[in-house]
Amino acid sequence: MVEATVREWHDDAGWGVVDSPETPGGRWVGFGVIEMDGFRKLDQSQVVRLEWEPADQDGYRFRGVRVVP
């Protein structure tokens, strides 16, 4: 897992973008991969740990597959 910072999060759509040095240009993250109870969401500037994979997801070259707030 790597440490990343939430760049933006869209509660209404259930996705956002997180940044880390390992994934230049950002990484797409959907609410379904966030490990938490209740309503799954992230906050702008929040630091998280995550696992990712290469992908072509909504214009991003990387996609989060597990996010731990």
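Which residue forms a salt bridge with Glu35, and how far apart are the closest N and O atoms? The partner is Arg66, and the closest N and O atoms of the two residues lie 2.6 Å apart. The model is predicted.

## Overall architecture

The chain contains five strands and zero helices, and its elements follow the order β-β-β-β-β along the sequence. Along the principal axes, the C-alpha atoms occupy a box of roughly 30 × 20 × 20 Å.

Of the 69 residues in the chain, 38% are buried. Among contacts between residues at least 6 apart in sequence, 47% join residues at least 24 apart.

## Nonpolar core

The largest nonpolar core has 11 residues: Val2, Ala4, Val6, Trp9, Val18, Val29, Ile34, Leu42, Val48, Leu50 and Val67. Strand S1 (2-10) and strand S4 (47-57) are the elements that give two or more residues to this core. The largest share, four residues, comes from S1. In soluble globular proteins, nonpolar side chains tend to be buried together.

Val2, a member of this core, touches Ser20, Glu22, Arg27, Val48, Arg49, Leu50 and Trp52, when residues up to four places away in sequence are not counted.

## A buried arginine

Arg27, one of the residues that Val2 touches, lies in strand S3 (residues 23-30). Arg27 is buried and has no salt bridge. The nearest side chain of opposite charge belongs to Glu22, at 5.1 Å, which is beyond the 4 Å cut-off for a salt bridge.

## Salt bridges

The structure holds six salt bridges. One of them is the pair of Glu35 and Arg66. Glu35 lies in the loop between S3 and S4 and Arg66 in strand S5 (residues 60-68), so the pair ties together parts 31 residues apart in sequence. Glu35 is partly exposed because its relative accessible area is 41%; Arg66, at 30%, is also partly exposed.

Glu53 and Arg63 form another salt bridge, with the closest N and O atoms 2.7 Å apart. This pair links strand S4, which holds Glu53, to strand S5, which holds Arg63, across 10 residues. Glu53 counts as partly exposed at 29% relative accessibility, as does Arg63 at 25%. Elsewhere, salt bridges that share partners join Asp11, Lys41 and Asp43 into one network. Within it, the closest N and O atoms of Lys41 and Asp11 are 3.9 Å apart.

Notes. Residues are numbered from 1 along each chain as its sequence is written. This is a predicted model: local features need pLDDT of at least 70, side-chain atom pairs count only at pLDDT 80 or more; totals for chains, interfaces and linings use all residues. Side-chain values use heavy atoms; hydrogens and water are left out. A nonpolar core is a set of buried Ala, Val, Leu, Ile, Met, Phe, Trp, Tyr and Cys residues joined through side-chain atoms within 4.5 Å. Buried means under 20% relative accessible area, exposed over 50%, partly exposed in between (1.4 Å probe, protein chains only). Contact means heavy atoms within 4.5 Å. Lys and Arg count as positive and Asp and Glu as negative; His and the chain ends are not counted.
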